Structure formats: structure tokens, C-alpha cells
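Here is a short briefing for a first look at this structure.

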Amino acid sequence: MSITEILFWFLSVLAVGGAMLLVASKNPVHSILYLIITFFAVSGHYILLNAQFLAIVNIIVYAGAIMVLFLFVVMLMNLNADSEPPQKNRLLLYSGTIAGCCLLLVLVAALKQSSTTSQLVEMGGGDAGLIKNLGMALFSDYVFPFEISSVLFLSAMIGAVVISKKEA
Amino acid sequence: MLLSIELALILEKLALIVVVVMSSLLIAMYATFAERKVAAIMQDRRGPNRAGPFGILQPVADGLKLFFKEEIIPNLSSKFLFILGPCLAMLTAMMTGAVIPWGDKVHFFDRDIPLQIADINIGILYVFGVVSMGVYGIMIGSWASNNKFSLMGGLRAASQIISYELAMGISLIALLMTTGTLSLKEIVEQQQESWYSWNIIKQPLGFLIFLICAFAECNRTPFDLPEAENELIGGYHTEYSSMKLGFFLFAEYINMFLSSAVMVSLFFGGYDIPFLNDAAFAEKIGINWMALLHAGMFLLKAASFLFLFMWVRWTIPRFRYDQLMNLGWKVLIPLALINMLVTGAFILLQQNNWHF
């Protein structure tokens, strides 16, 4: 096994394991910390694919800003076993299980159908993920979607400000 | 194979990492001593002068004292996270050093060894990512100690760092527009020509914003609300004792040193020696001696920033919380945006040969 493969498997186990623990852990703060581990593992995958910019932006935005806000809110609300008693509603439990199984079925079916899954992604090759090429692509070929999404972000930001103003 | 790296490179980088980590620890150690001396001079006192000549063994004595104190882990805290907090604070503080070019290169054993651990083409974004990780140490530690005042300190730290990161990022965008690269090595190399090619000349306002944000990111006075002892008993490290407390305090000094290093390489020419033709002088005395001079110059510049950090701490009182938020969101971010727009307009004009 080459180093790349070892890294790939290590990161994959880390990502999937982190995601499992995120769902399984009882304490919401621990859940968030597991999610941060998952984000780091995903960033590691991006680096293996030579997409450095995506990797570091994933860390800055998701692990560095959004997760801090999550942590912030959870810590402020002080969620724990006393304030959140375990789910007792049988109907909810059954419906949740069935819904989860349906999702699994759909995912497995989709993966079986698609033909590209049998091809391995080319590791470390290509420089499309380097910041220069990415910037060129974003501001020439994809400039319209880029601007549209920036308008979306702006409107979301203004919306947040308006909502917080109403409360005061 | 993608990651087949030769042994010599690994050894070279390993040696470099050890040197950088050790020297930042040493510098942070003596920064604590310098802080007390500077405070003493400003308050017309003598400062620590008992341990060793002029008290230069004082940091060693402080370290030993912290190591020998009793470890206390609160009963109702989550122990793993309680220990993880200071570890994370130290780790993220040390990580920034990896992308800073401490000097040009040295020539040993027929190899050119660049004095930079990793020259990645997203250098400055890496610094940013590490800085945004830095808040986790404080937040996790403060939450895990199961103390209201600690938690308040941690939340203050988080909101402060997130708020000032925005203005810092926007002021950096203006700088990156003029340099056209994210690699710290290239940014430093662009400033080698002479002292007026330093980025501080091109981006004075950007530098000022960056400096203020760096103060806030390091939790230094006037932005040290997370550890406002008269409001929060002790701040985020109320429950900590012994070396775990020491790690938190020490991480602050390492952060200070490394953010000084980042500011030097971004705005003050990095290892460039002003009023000296570096290339010609390097031929006269050899590359290795030149690298030593460069590293010395870099440390000198960083040390003057460290002094600025201390100077401000012992001169300016702490902000109130609403003042802090107002400064961040209503003054610095609009200023940084204006700076960015003006810079963009200038660059466009320049590319158009100064015609509208």
C-alpha cells in the first residue's frame, strides 16, 4: 500500500467514525467536537485530491466559524440529560427507524446504479484545485452562478440583521 | 507514488521544525520576562531582579513554580476535555510557525535549505485557518471546567475572535490584491527591493486594521475581556491550576510572537534588511552568514512588535464589551471594506495606465 492509500483509509475511517460518534454521543458538545473531527478528515481528503484551497476554506468556514457558533449556542443553552430527557415516544422511534432505512435503501440503490463508482478518483493529480486555476474558473466560466450565490448570501445576511432588530 | 519523499528532506524539515518550535518557546518564555520588565519600567519599578543576574533566570523559576504546583481537576468537569483545552491552545499557537519564512536559505552539505518549514501556495489562508482554530482551546477548556464565569470568559473569547476575524480577513484581501499571491515566501520576496517596497507603504490603513485585529485575536489589552479578572473572577482559566494554567498563559505569548512574525512578513518586508543591498552583501559574506543576519533582522522586527504589544498593554485600559463589538463591527469592517474598494480602484487605474 502506498502512503496515499494509507492516508486515504486513515482519513476515511476518521471521517466515518467521527460522523457515527456525532450521532451516537449523548452530549451535544461532544457531538460538535466529533463533527469538527469529521470536517478535518474531509479537509484531509481535499488535500489528497490536491484541492488545497477547498481544504483550507472548509477548515476556516466550517470548522473555524460555523462550528464555533454551534458550540457557542449549545454551551449557552446548557443542554444535558436533565433538560433533554431521552425520547420516549414509540411512534417517533419507529417512524425514524423506517425513514432511515428508506434513505439507506435509496442510497445503496443509487450507488449500485451509477457506473462511475467503480472508477477510483485520481489522487494528487491535476491542478484544478489550486487557487489560481480555481479563481480563473470562478471569475470567467462560472461568474454568473458565483455572483448569484453572493447575492443570496447578502440577502441572508440582511435577513438575519432584520430578524435580530425585531427582537430588540 | 505521490508522497515518496527523500530521507534528507525529512531530516531537514524535522530539524527546522525542532528549531522553530524550540526558539518560539524560548522567545515566548523571555517575552513573559520582558513583559514584567517593561511593566516595571513604565510604572517606575525595578521588576524581577532576584533570580540570576538582572533576573534573567526568572522565567525558569516561574516555569518550575508552575510545574510544582498542585494539579486540580474539578469534580464535576469532563476530565478529558478539561485537559484537552490547554493542549489545543498550545498546539494551535505553535502551528502558525510552519509557513513563516524566517530567512532566505542556507547552504549545508551541498543542499540549499530554505528557512521555511512549508512553502504552500495558500500560506496566508493556512495562518487564518489556524487562528480560527485557536478559539477552540479556550472554549473547550472554559466549558469543561463547569464554572459559569469560565464559560462567560470562553464565550467572550469566541465572539470576540469571530468578530475581529472578519475585519482581519477583509484587510488582508486588500493586501493580497496588491501582492497577487497567497504564498508568504513570495510576499516577502516582493518586498526585498528596498524599504519603500514594503507593503506598509502600499497598505497603511490595511496594516492598522490588521494590527488592531491581531491584538484582539491574541486577547491582549485593550481587548482582554475574556480574562477580565474584576468581572469574571479570573476569566476562562478560573478553574485551572499548575502547568495547565501555564499552558494557557504561555499560549498567549506564543500567539503574540507568531502574530508579530506574520505582521513582519506581511507588511514589514520579512527578513529584508533596510538600507542594504542584500544580494550584493550576500556575495561578499556568503549565503549562510547572510541567512543568519536575515533571521536576526526578522527577530529584531518581531521583537519590536512584541514591545508594542506590551507597551499598549500597560498604557491603554480595557474596553467595555459594547465598545469592543462596536469597534469591530461598526468601525473596522466598514473601514476595511473602504480600504478594499480603494485598493481595487487603484489597481484598476494602474492597469489602465492612469486613464479613467
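**Helix α3 of chain A**

Helix α3 of chain A covers residues 52–77, 26 residues in total. From its first C-alpha to its last it reaches 36 Å, close to the 38 Å expected at 1.5 Å a residue. The model is predicted.

- α3(A) has a bend of about 30 degrees, located at Met67(A).
- Several residues of α3(A) are buried, among them Gln52(A), Ala55(A), Ile56(A), Val57(A) and Asn58(A).
- The list of buried residues also includes Gly64(A), Val68(A), Leu71(A) and Met75(A).
- Within chain A, the buried residues of α3(A) pack against α2 (28–48).
- In chain B, they pack against α4 (123–144) and α5 (148–179).

**Where chain A meets chain B**

- The contact joins 20 residues of chain A with 20 residues of chain B.
- On the chain A side, the elements giving two or more residues are α1 (3–24) and α3.
- α3(A) supplies the largest share of that side, 12 residues.
- By class, the side of chain A that touches chain B holds 15 nonpolar and 5 polar residues, and no charged ones.

**The largest nonpolar core**

- This core has 111 residues.
- Met139(B), Ala167(B), Cys213(B), Ile254(B) and Phe257(B) have the most contacts inside it.
- α4(B) gives the most to this core, with 15 residues.

**Chain B as a whole**

- Chain B has 13 helices and 2 strands.
- Its C-alpha atoms fill a box of roughly 65 × 55 × 55 Å along the principal axes.
- The radius of gyration of chain B is 21 Å, which agrees with a compact globule, because 356 residues packed that way would give a value near 21 Å.
- Of the 356 residues of chain B, 44% count as buried.
- Take the contacts in chain B between residues at least 6 apart in sequence: 80% of them join residues at least 24 apart.

**One exposed residue**

- Leu349(B) lies in helix α13 of chain B, which spans residues 321–351.
- Is Leu349(B) buried or exposed? Leu349(B) is exposed, because 12 other C-beta atoms lie within 10 Å, and a residue with 12 or fewer counts as exposed.
- Leu349(B) and Lys284(B) are 65 residues apart along the chain, and their C-alpha atoms are separated by 41 Å.

Technical notes. Residues numbered from 1 in each chain as written. Chains lettered and ligands numbered in written order. Predicted model: local features only at pLDDT ≥ 70, side-chain atom pairs only at ≥ 80, totals over all residues. Helix = DSSP H or I, 4+ residues; strand = E, 2+ residues; numbered from the N terminus. Expected span 1.5 Å × (residues − 1). Bend = angle between axes of the 7 residues up to and from the residue. Buried ≥ 20, exposed ≤ 12 C-beta atoms within 10 Å, placed from the backbone. Contact = placed C-beta atoms within 7 Å. Nonpolar A, V, L, I, M, F, W, Y, C, P; charged D, E, K, R; others polar. Core = buried A, V, L, I, M, F, W, Y, C linked by C-beta atoms within 7 Å. Rg over C-alpha atoms; globule rule 2.2 N^0.38 Å.
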